[in-house]
Amino acid sequence: MRALIISVDLGDPDFAAHAEEFAMLAKGAGAEIVGTLTARRDRPDAKFFIGSGKADEGVAMAQALLADIVLFDQPLSPAQQRNLERAFNLRVVDRVALILDIFALRAKSHEGKLQVELAQLQHLATRLTRMWSHLERQRGGIGMRGPGESQLEMDRRMIGAKVKVLRERLDKVERQRVTQRRARARGGALSVSLVGYTNAGKSTLFNALTRADSYAADQLFATLDTTTRRIWIEGAGSVVVSDTVGFIRDLPHGLIAAFRATLEETVHADLLLHVVDAASPQRDEQIFEVNKVLAEIGAAAVPTILVYNKIDRAGLEPRVERDAHGTIARVFVSATERAGLDALRGAIAETGQIVGNNAANYQTLQSE
């Protein structure tokens, strides 16, 4: 599908990197990018986001390039999206809808598909009027009094009923997950979750650590479904390792809510491995974005090791760094080259022992 990208600079110092990231999202959704229109604004325009002049420029550009769709790199209000679609006479997809579309494309498990469908329906519920704009233009005409509104109400009821069913199914899946988590806890296994910005190499690292065959690729959101494997690490014993969905800047809140059951693995983990792309110039911002989501889901207090991956691309050597208290804070590895993995296993074992001792001391204090 031939896509025109509209990229809006609202004064972000990392605008170029964010624009490149959005282009990767578009390609990940299967779009053929035929052109990019850049708009600079101090604040969004209430009607078109980019202003009427830039909207006219975009319409001319879309027509000249024979674009099939317009991809907008900012979240749009329902009114802005409706106004842009009327101006372009094309489908306009904003950042939130594009991410939802990629999630729908990549979800493989039953739970993942349920979560994506729930997020899509919740997003759609705010935009139903756009679907019936042909009735709005004829409001008040002979034979057209009321059908549009009644159809919207029927759509809302149908979506509400579907959302209720999906939530019930996800609750059932979550109860099963809680049962599995309790069984693992009774077994005394250390629980480790891999988290990180999308495309940081989590799945590749997961495969290297566990000798699994989870799908991994150099693209955003290559894998969505949580995969769990049990491994043996010298000094730690049995360890349950989980690979989770990647995070991204301005991850839609609907997706965070929909994937809360999956992310529960992160909240209840004994240790987080926060995987960072060491070769990315935006790695500090990406760390901040991941920490923001971790705080939102209640996982900010879980012990964490920063794992700087892709050191082969960054020209770095494998090593372990400690904080001022002597606790392991950062481990530098290359999952593709399998460099530094022994040091990472050692870090997991050492931190796991500290976590275990702290938990035992807490239980002793509680019993007293």
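Q: What places Thr-210 in a helix?
A: Thr-210 is found in helix H9, residues 202-210. Helices are DSSP runs of H or I with at least four residues, strands are runs of E with at least two, and both are numbered from the N terminus. This is a predicted model, where local features need pLDDT of at least 70, side-chain atom pairs count only at pLDDT 80 or more, and totals for chains, interfaces and linings use all residues. Residues are numbered from 1 along each chain as its sequence is written, and side-chain values use heavy atoms, without hydrogens and water.

Q: Why is Thr-210 called buried?
A: Its relative accessible area is 12%. Buried means under 20%, exposed over 50%, partly exposed in between (1.4 Å probe, protein chains only). So Thr-210 counts as buried.

Q: Why is His-18 called buried?
A: His-18 has a relative accessible area of 8%, so the term applies. His-18 lies in helix H1 (residues 15-28).

Q: What does His-18 touch, not counting residues up to four places away in sequence?
A: His-18 touches Asp-12, Arg-249 and Glu-285. Contact means heavy atoms within 4.5 Å.

Q: What is the strand order in the open sheet of four strands?
A: The order is S2-S1-S3-S4, with parallel pairing. Strands S2 (32-40) and S4 (91-93) each have a single partner strand, so they stand at the edges.

Q: What makes S3 and S4 a pair?
A: Three bridges join S3 (residues 69-72) to S4. Pairing takes at least two bridges found by DSSP. Therefore S3 and S4 pair.
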